[in-house]
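Please go through the briefing below with the sequence and the structure side by side. It is arranged by topic.

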Amino acid sequence: MKPAPFEYAAPESVEEVLELLGEHGEEAKVLAGGQSLGPLLNMRLATPGVLVDINRVEGLSYLRSGDDVLAVGALARQRSIERSISIPRRWPLLHQAAPYIGHVAIRNRGTICGSLAHADPAAELPAVAVALGARLRIRGARGEREVEAGDFFVNYMTTDLAPDELLLEARFPPLPPRTGTSWKEVARRHGDFALVGVAAVVTLARDGRCERVRLVYTGVAPTPFEAGDAEEMLSGESPTQELFGEAAERAARDCEPGSDVHASAAYRRHLVRVLTKRALGEAVRRAREEG
Amino acid sequence: MMERRRTIRLTVNGTRYEREVEVRKTLADFLRYDLGLKGTHVGCEHGVCGACTVMLGDASVRSCILYAVQADGQEVLTVEGLSSPEGPLHPLQQAFHEHHGLQCGFCTPGFLMSALELLAEKQNPGEEEIREALSGNLCRCTGYEGIVEAVRAADRTWDRG
């Protein structure tokens with residue numbers, strides 16, 4: 001099995017990358033970790049004319065947490081989340097979700113920004129980015145712009161990126177105090193794409209009520225699905241099992257899962273119910289420990 | 001510069017090679033067809049089964065979804081690099097042999113490379129850690145008990161100092 005023929009370029013600067021993308025437009029595809037693109041190429045589900053390999057560009061592999069924001073360069077590997085000292089403490093949701101991304105050898109190559117740009121609705125990192133309110137720095141020939149993760153994912157494997165733009169950096173803001181997070185998912189086998197996954201981010205007020213809740217799901221819509229009404233139900237309320245159940249019910253009703261060979265829509269809704277309750281429970285417990 | 005063919009220089013199991021390759025050639029195919037190193041096995045060819053796992057620098061990678069051109073200038077270690085044909089087996093290989101860590105052997109090269117990465121980084125890993133490290137490798141005949149046992153044994157016998 002081999003990919004259809006393509007032209008290959010390995011530029012060494014961001015400027016050269018942008019030049020190539022500008023020149024070849026829709027025909028070009030950026031190769032970062034290649035852990036999603038590789039299979040698509042091998043199976044010829046994708047047949048780009050030009051592969052722009054960014055792995056030779058210096059200075060894009062960083063994870064920087066010097067200021068309050070975690071800045072993730074375009075080539076930072078997913079494995080680096082697991083090796084970071086500051087991420088488990090300050091951006092725990094990333095650390096909680098990372099072990100579910102493929103396997104070690106996949107995370108050794110796969111990049112964080114690549115997963116966002118690929119925008120598979122079953123992938124963990126897009127949902128995590130939306131739940132954490134990440135901002136994405138995008139550079140093109142016309143200059144640089146920043147987009148919120150919530151606005152970045154447009155449709156199934158489709159983002160706001162223009163063909164001549166590069167996702168340069170993802171920026172994760174700090175969590176507010178008294179905030180707990182949780183990642184829960186169900187996959188047929190560990191490391192497979194999840195049938196359903198959920199990110200919960202809960203900030204408690206000083207009196208113990210929920211101040212702000214975010215619930216973002218994979219696998220139940222063409223893009224990461226934020227259960228806005230369920231979040232709203234929890235806001236300002238005391239976190240109780242009963243309320244978690246009602247919010248879970250609401251999220252299960254509002255999401256739009258499809259049926260496929262792996263699971264029916266009804267089963268995916270069932271998973272939304274179960275996982276929402278578990279994730280909320282864990283996030284609240286962790287928020288109290290932060291307290 | 002854009003190309004369909006490219007000359008690459010890389011080190012595989014300590015030997016330096018220079019070859020011209022088609023840019024779409026996977027690292028797995030390059031190792032097998034161009035260098036004749038057929039110990040790296042090709043199973044699913046889309047990054048799921050783990051049979052093609054090799055070390056690229058210090059990290060395990062799937063050689064079926066990496067292109068040979070991406071290994072240009074780097075160091076690759078395959079199962080052939082674990083021990084020489086004349087010499088004794090690598091402690092990991094010896095442990096797989098002793099603890100029934102293989103049956104048909106198709107998946108074994110991948111398991112060995114994943115286990116190598118784990119043990120190179122970690123002394124005395126727990127059973128959960130071993131299973132997690134091997135979770136990206138599929139075995140369809142032995143079952144995993146013997147494999148986990150072999151990795152545990154190799155952890156004791158492999159002098160990594």
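In this predicted model, strand S13 (residues 210-218) of chain A is joined to S14(A) by two bridges, and the two strands run antiparallel. Within this part of the chain, Tyr217(A) stands opposite Phe225(A), a residue of S14(A).

**The four-stranded sheet**

- The sheet is open and has four strands in the order S11-S12-S13-S14 (chain A), with antiparallel pairing.
- Its edges are formed by strand S11 (179-186) and strand S14 (225-226) of chain A, each of which pairs on one side only.
- Helix H8(A) packs on this sheet, where it touches strand S12 (196-204), S13 and S14 of chain A, and the direction of the helix makes about 160° with that of S13(A).

**Helix H8 of chain A**

- Helix H8 covers residues 124-131 of chain A, and because eight of its eight residues are buried, the helix is largely enclosed by the rest of the structure.
- After H8(A) comes Gly133(A), which has a positive phi, near 65°.

**Strand S10 of chain A and its partners**

- Strand S10 (residues 166-172) of chain A is mostly covered, with five of its seven residues buried.
- One partner is strand S5 (residues 70-73) of chain A, which pairs with S10(A) in the antiparallel sense over four bridges; here Gly73(A) stands opposite Glu169(A) in S10(A).
- Another partner is strand S6 (residues 135-140) of chain A, which five bridges join to S10(A), again with the strands running antiparallel; in this case Arg139(A) stands opposite Leu166(A) in S10(A).

**Domains of chain A**

- Chain A is divided into domain 1 (7-53), domain 2 (63-172) and domain 3 (179-290).
- The centres of domain 1 and domain 2 of chain A, taken over C-alpha atoms, are separated by 18 Å, and their contact takes 14 residues from domain 1 and 18 residues from domain 2.
- On the domain 1 side of this contact, helix H1 (14-24) and strand S2 (28-31) of chain A are the elements that give two or more residues, and H1(A) gives the most, with five residues.
- By class, the residues on that domain 1 side divide into seven nonpolar, six polar and one charged.

**Chain A as a whole**

- The secondary structure of chain A comes to 12 helices and 14 strands.
- The radius of gyration of chain A is 19 Å, close to the 19 Å that the globule rule gives for 291 residues, so chain A is as compact as a globular protein of that length.
- Along the principal axes, the C-alpha atoms of chain A fill a box of roughly 60 × 45 × 35 Å.
- Buried residues make up 52% of the 291 residues in chain A, and among contacts with a separation of 6 or more, 63% are between residues 24 or more positions apart.

**Contact between the chains**

- In the contact between the two chains, 28 residues of chain B meet 26 residues of chain A.
- On the chain B side, strand S4 (59-62) and helix H3 (108-121) each supply at least two residues, and S4(B) gives the most, with four residues.
- The chain B side has nine nonpolar, 10 polar and nine charged residues.

Definitions and conventions
Residues numbered from 1 in each chain as written. Chains lettered and ligands numbered in written order. Predicted model: local features only at pLDDT ≥ 70, side-chain atom pairs only at ≥ 80, totals over all residues. Domains from an automatic or database assignment. Contact = placed C-beta atoms within 7 Å. Nonpolar A, V, L, I, M, F, W, Y, C, P; charged D, E, K, R; others polar. Rg over C-alpha atoms; globule rule 2.2 N^0.38 Å. Buried ≥ 20, exposed ≤ 12 C-beta atoms within 10 Å, placed from the backbone. Pairing = 2+ DSSP bridges. Axes fitted to C-alpha atoms, helices over the stretch in contact; angles between N-to-C directions.
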